[in-house]
Amino acid sequence: MSILKIENMSFAYSANSRKVIDGLNMEFEEGKVYALEGRSGAGKTTLLSLLAALTSPTEGTITVNGENVFAKDTYAYRASDVGIVFQNYNLLPKLNAVENVELSLDISGRDVPDKKQYAADILRRLGIADYDLERPVLQMSGGQQQRVAIARAISYDPPIILADEPTGNLDSQTEKDIIGIFDELAHRQNKCVIIVTHSKKVASMADEVYSIDEMQTRRTPGVQVKTAV
Ligand SMILES: Nc1ncnc2c1ncn2[C@@H]1O[C@H](COP(=O)(O)OP(=O)(O)OP(=O)(O)O)[C@@H](O)[C@H]1O
Ligand SMILES: [Mg+2]
């Protein structure tokens with residue numbers, strides 16, 4: 001059963017501009033990693049913004065567990081159904097790692113007994129050393145900031161995780177570590193993980209790989225270009 005479903009969705013940034021997304025149909029299940037590929041400007045970030053309900057489709061629908069996302073409270077959807085790891089992290093630079101995760105918990109309204117401890121535990125699980133927990137995120141490396149961004153997205157335990165180029169600027173070992181985190185989230189914790197990526201390594205660990213370009217040019221709904229073995 002799919003958790004997230006896109007039906008006949010089109011999107012244009014303004015009434016007289018071209019459709020960035022044109023008649024798209026896709027389905028996503030829990031327990032799987034999906035890699036979304038496509039050339040720069042193909043509409044990958046736009047598609048994630050739509051899946052995150054940060055913007056609404058011009059035509060068509062997105063449903064979560066059979067319910068239209070845009071008929072729901074989209075704030076509540078973002079606070080409980082989806083976790084978003086943005087292309088540029090979007091962390092609050094002056095706050096430390098723990099505070100960034102605590103803030104995300106606050107926004108989601110999730111009530112945990114010891115918020116600071118809870119946030120620190122998630123960060124440790126993602127490989128942030130004790131020494132780094134209370135450093136301003138601006139002083140952290142790209143790989144560390146990426147881990148904090150993932151910690152923030154998973155802090156309130158959403159079933160869907162959206163990530164935009166999460167390994168874009170990372171060295172090969174850090175990329176491997178980050179891929180391991182997504183692997184565990186989907187395959188051990190049963191999350192639906194959707195990753196926009198150019199990385200061959202991410203594509204090879206993904207359960208399904210989709211090319212946005214292929215889907216748009218062929219106009220074939222949900223065509224799958226290749227499946228990782
Ligand atoms: N806020 C906006 N207003 C108008 N057009 C936009 C806006 N954001 C993106 N676009 C346009 O929509 C198209 C798709 O952009 P998008 O950012 O989704 O591409 P992308 O596939 O994520 O590219 P990249 O790989 O470079 O991140 C591009 O032509 C872009 O110029
Ligand atoms: Mg993008």
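## Domain arrangement

The centres of domain 1 and domain 2, taken over C-alpha atoms, are separated by 24 Å. Domain 1 comprises 1–81 + 159–229, and domain 2 comprises 91–157; these bounds come from an automatic or database domain assignment. The model is predicted, so that local features need pLDDT of at least 70 and side-chain atom pairs count only at pLDDT 80 or more, while totals for chains, interfaces and linings use all residues. Residues are numbered from 1 along each chain as its sequence is written, chains are lettered from A and ligands numbered from 1 in the order in which they are written, and side-chain values use heavy atoms, with hydrogens and water left out.

## The interface between the domains

Contact, defined as heavy atoms within 4.5 Å, involves 16 residues of domain 1 and 12 residues of domain 2. The two domains bury about 1,100 Å² between them, with 62% of it on carbon and sulfur atoms. Buried area here is the accessible area (1.4 Å probe) that two parts lose on being put together, summed over both. Of the area that domain 1 buries against domain 2, 36% is supplied by Ala 79, Ile 178 and Ile 181, more than by any other three residues.

On the side of domain 1 that touches domain 2, α2 (74–80) and α6 (172–187) each supply at least two residues. The largest share of that side, 6 residues, comes from α6. Helices (H or I, at least four residues) and strands (E, at least two) are DSSP runs, numbered from the N terminus.

## Strands and their pairing

An open sheet of 4 strands is ordered β2-β1-β4-β5, with antiparallel pairing. Its edges are β2 (19–29) and β5 (67–68), each with a single partner strand, so one side of each is left without a neighbour in the sheet. Two strands pair if DSSP finds at least two bridges between them. Strand β1 (residues 2–12) pairs with β2 in the antiparallel sense over 7 bridges, and Phe 11 stands opposite Ile 21 in β2.

Strand β3 (residues 32–37) runs parallel to β9, and 4 bridges join the two. The bridge partner of Leu 36 in β9 is Tyr 210. Strand β9 (residues 208–211) is covered on both faces: Glu 208 and Tyr 210 on one side, and Val 209 and Ser 211 on the other, are all buried. Buried means under 20% relative accessible area, exposed over 50%, and partly exposed in between (1.4 Å probe, protein chains only).

## Salt bridges

Side chains of opposite charge can pair when their charged atoms come close. The count by the stated rule comes to 15 salt bridges. One of them joins the side chains of Lys 32 and Glu 208 (3.0 Å, N to O). This pair links distant parts of the chain, with Lys 32 in strand β3 and Glu 208 in strand β9, 176 residues apart. Lys 32 is partly exposed at a relative accessible area of 22%, whereas Glu 208 counts as buried at 12%.

Asp 121 and Arg 124 also meet through their side chains in a salt bridge (3.0 Å, N to O). Because they are 3 residues apart in helix α4 (residues 115–125), about one helical turn separates them. Asp 121 is partly exposed, with a relative accessible area of 39%, and Arg 124 is partly exposed at 36%. A further pair links distant parts of the chain: Asp 177 in helix α6 and Arg 147 in helix α5 (residues 142–154), 30 residues apart. Their side chains meet in a salt bridge (3.3 Å, N to O).

## Positive phi in a loop

Most residues other than glycine have a negative phi. Tyr 89, in the loop between β6 (82–85) and α3 (97–108), has a positive phi near 70°. Tyr 89 counts as buried at 12% relative accessibility. Asn 90 lies in the loop between β6 and α3, with a positive phi of about 55°, and is partly exposed at 40% relative accessibility.

Conventions: Salt bridge = Lys/Arg side-chain N within 4 Å of Asp/Glu carboxyl O.
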